Amino acid sequence: MPNSSRRNWLTASLIAIGMVIVAGCQQQPAGSTTYPVASAPPVQVEPLKPSKPELPPLFRDIERRTFQFFWDTTNERNGLTPDRYPSRPFASIASVGFALTAYPIGIENGWISRNQAVDRTLTTLRFFRDLPQGPQAAGRGGYRGFYYHFLDMDTGHRFDSWVELSSVDTALLMGGVLFAQSYYDRDDPREKEIRELADELYRRVDWTWLQRNKPLISMGWFPESGFIQHDWMGYNEAMLLYVLALGSPTHPVEPETWQVWARTYNNSWGVFQGEEYLAFGPLFGHQYSHVWIDFRGIQDQYMRERGIDYFENSRRAAYAHRAYAIANPMKWKDYGPEVWGLTASDGPQQTLQEYRGEQRQFRHYSARGVGLADTFDDGTIAPTAALGSLPFAPEIVIPSALEMHKRYGEFLYSSYGFLDAFNPSFEYDIPLKTGRIVPGEGWVASDYIGIDQGPILTMIANYRNEFVWNVMKRNPYIRAGLERAGFQGGWLSPGEAGKAEPAKPQTPAGKDAATARALGEAESRATRAAQAQQQQAQQQAQQQNPQPQPQPAPAPQQKQPESP
């Protein structure tokens with residue numbers, strides 16, 4: 001998945017934030033890439049019930065097919081998993097992290113034997129251990145323990161010069177590596193080797209090297225140009241990255257790193273679609289870290305001050321996305337209570353087309369999402385957005401999965417489950433970047449994407465029996481990282497003492513108060529944005545039309561010719 005899409009969400013200016021919030025109260029110009037955000041009637045977030053809804057048989061089929069994606073498409077000679085399939089252009093290290101997590105799910109469900117999974121896992125970890133590392137621009141798979149975002153499917157070397165050494169994708173890989181370390185716990189020489197290899201790979205990641213602007217961590221590095229200037233800040237999927245960096249026994253970052261990271265949340269907390277939460281536009285930012293870490297009942301200082309935990313935060317994000325789809329401010333086809341969910345996904349094409357009398361921007365692969373800022377919506381829905389939210393809000397996710405399968409399954413559901421995305425509104429007769437047009441149904445993707453398949457499989461497993469979460473709770477590095485970040489309570493406590501209070505879904509009164517706060521925030525941000533725009537306009541005017549300095553009156557002379 002191109003990191004450029006994700007970085008765009010993290011580098012938004014104060015002006016953009018203010019403009020997006022104001023958009024909830026006024027229309028945007030036609031063709032604007034920051035779209036109006038309308039409010040649906042309030043949707044009450046239901047409290048989590050002790051007895052959770054039962055999963056219908058469809059989910060067993062989704063699990064099995066999605067597992068087969070990782071088992072079938074991974075290169076069995078080296079353990080590299082493709083970024084996407086069937087186009088399969090290169091391997092994604094994040095996809096490998098999800099694959100390493102998928103294999104034990106296959107064991108537990110009886111789809112593969114433990115010996116098969118051990119073989120594949122050993123092949124993968126040995127390959128990454130032996131993959132050449134160094135500062136050279138070619139012929140290497142990584143540097144200082146980090147790995148390049150995309151690797152050649154056969155050699156494992158950096159795929160091309162545009163591929164960065166990625167900090168967050170290395171973290172997603174390490175999520176799978178540490179999961180394997182904790183799962184394969186038998187007194188067996190091969191399982192012991194898995195544990196040792198996992199330890200070696202994690203220990204050699206030099207997290208501190210990427211702290212160009214301490215204490216934050218850079219998004220990555222290029223051998224041609226050096227460190228990426230942007231650091232991981234604001235709320236997003238980098239929670240896992242910082243937990244792993246804090247838990248490192250060899251190259252740990254300081255505890256203040258998490259405190260500074262959390263202080264960059266400030267422009268992300270607010271009210272959207274009646275939900276008060278820490279927002280991030282695409283839903284993958286509310287899911288990836290939760291694949292491996294159970295955030296229920298554990299809180300850092302930021303969440304303690306707000307009376308919820310990150311799990312409840314992701315629950316509110318899912319409800320906000322659904323409420324946005326019900327409001328459907330852009331009038332996209334089929335949006336509603338069962339068809340919702342924006343995240344990073346494939347799309348039809350980078351193009352500007354007329355839709356309902358105005359010019360609309362469409363994209364191919366891109367981050368899509370809605371929230372206080374970082375809003376882009378071109379009518380493309382990704383099933384992983386809803387399905388990856390299953391543990392947070394099963395009462396709205398289960399009906400969505402059933403409806404998408406029923407309504408679109410004939411062309412959207414295939415060998416490995418749901419294809420990556422679909423767009424019922426896109427029926428234009430133009431060349432496509434990917435996918436195809438289904439007459440009368442719009443655009444549908446032709447590929448499965450590994451980092452979208454991963455949350456579907458793992459979050460169903462977590463919903464069924466907390467499988468991935470419970471395995472990772474045994475990992476000392478995960479616990480150390482959370483504790484150094486200041487998390488307390490819940491499963492981090494030795495007993496009930498010190499346990500954090502359960503997060504409480506918003507009450508109607510709480511939502512009213514949240515809405516009032518949101519209006520105040522919107523007004524203040526709008527004022528700042530307007531002031532910034534006015535100041536910028538004045539500066540531009542001064543640059544374009546500098547005021548002449550007073551000069552003595554010139555002596556009479558012949559008229560000069562006018563400038564052309």
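These legends accompany several close-up views of a predicted model.

**View 1. Three strands form an open sheet.**
The strands in this view run in the order β6-β7-β8, and their pairing is antiparallel. At the edges are β6 (165-166) and β8 (226-227), each of which pairs on one side only. Look for β7 at residues 220-222, joined to β6 by two bridges in the antiparallel sense. As background, the strands of a sheet pair through backbone hydrogen bonds, and they can do so in a parallel or an antiparallel way.

**View 2. Aromatic rings meet in pairs.**
Searching the whole structure gives 52 aromatic pairs. One of them joins Phe159 and Trp162: the ring centres are 6.3 Å apart and the planes stand at 70°, so this pair is edge-to-face. Phe159 is partly exposed at 30% relative accessibility, and Trp162 is also partly exposed, with a relative accessible area of 43%. Now turn to Phe311 and Trp469, an edge-to-face pair with 6.3 Å from centre to centre and 75° between the planes. Phe311 belongs to helix α12 (residues 310-327) and Trp469 to helix α16 (residues 467-472), so their pairing ties together parts that lie 158 residues apart in sequence. Both Phe311 and Trp469 are buried.

**View 3. Ring pairs can also build a cluster.**
Follow the ring pairs here and you will trace a cluster made of Tyr235, Tyr242, Trp258, Trp261, Tyr265, Trp269, Phe295, Tyr302, Tyr310 and Phe487.

**View 4. Charged side chains sit over rings.**
Which ring lies under the charged end of Lys52? It is the ring of Tyr463, with the charged end of Lys52 placed 4.7 Å from the ring centre. Arg363 can be found over the face of Phe376, at 3.5 Å from the ring centre.

**View 5. Thr380 is a buried loop residue.**
Thr380 is found in the loop between β14 (366-367) and α13 (383-387). Is Thr380 buried or exposed? With a relative accessible area of 1%, Thr380 is buried. Its side chain makes a polar contact with the side chain of Asp378 at 2.9 Å, and another with the side chain of Asn423 at 3.0 Å. Leaving aside neighbours within four places in sequence, the residues in contact with Thr380 include Tyr335, Leu342, Arg368, Phe422 and Trp443.

**View 6. Arg190 meets residues from another part of the chain.**
Arg190 is part of helix α7 (residues 189-203). Its relative accessibility is 29%, so Arg190 counts as partly exposed. Arg190 and Val118 are 72 residues apart in sequence, while their C-alpha atoms are 7.3 Å apart in space. Beyond its neighbours within four places in sequence, Arg190 is in contact with Asn115, Val118, Asp119 and Leu122.

**View 7. Helix α17 has a buried face.**
In helix α17 (residues 476-484), the residues Tyr477, Ile478, Gly481 and Leu482 are buried. Looking down the axis of α17, you would find its buried residues within an arc of 130°, so they line one face of the helix. An α-helix has 3.6 residues a turn, so residues three or four places apart point the same way. The buried residues of α17 pack against α6 (167-183), α7, α8 (239-247) and α16. Just after the helix comes Gly486, with a positive phi of about 95°.

**View 8. Some backbone angles stand out.**
Most residues other than glycine have a negative phi, and most peptide bonds are trans. Between Tyr85 and Pro86, however, the peptide bond is cis, with omega near 15°, and Pro86 lies in the loop between β1 (84-85) and β2 (91-92). Arg88 is in the loop between β1 and β2, and has a positive phi near 50°. Lys214 and Pro215 are also joined by a cis peptide bond, with omega about 5°; Pro215 lies in the loop between α7 and β7. Finally, Asn328 is not a glycine, yet its phi is positive at about 45°. Asn328 sits in the loop between α12 and β11 (344-345) and counts as buried at 10% relative accessibility.

Key. Residues are numbered from 1 along each chain as its sequence is written. This is a predicted model: local features need pLDDT of at least 70, side-chain atom pairs count only at pLDDT 80 or more; totals for chains, interfaces and linings use all residues. Side-chain values use heavy atoms; hydrogens and water are left out. Two strands pair if DSSP finds at least two bridges between them. Helices (H or I, at least four residues) and strands (E, at least two) are DSSP runs, numbered from the N terminus. Rings of Phe, Tyr and Trp (its six-membered ring) pair if their centres lie within 6.5 Å; planes under 30 degrees apart count as stacked, over 60 as edge-to-face and the rest as tilted. Buried means under 20% relative accessible area, exposed over 50%, partly exposed in between (1.4 Å probe, protein chains only). A charge sits over a ring if NZ of Lys or CZ of Arg is within 6 Å of the ring centre and within 35 degrees of the ring normal. A polar contact is a pair of N or O atoms within 3.5 Å; within protein, one must be able to donate a hydrogen and the other to accept it, and residues adjacent in sequence count only if both atoms are side-chain atoms. Contact means heavy atoms within 4.5 Å. The arc is that of the directions from the helix axis to the C-beta atoms.
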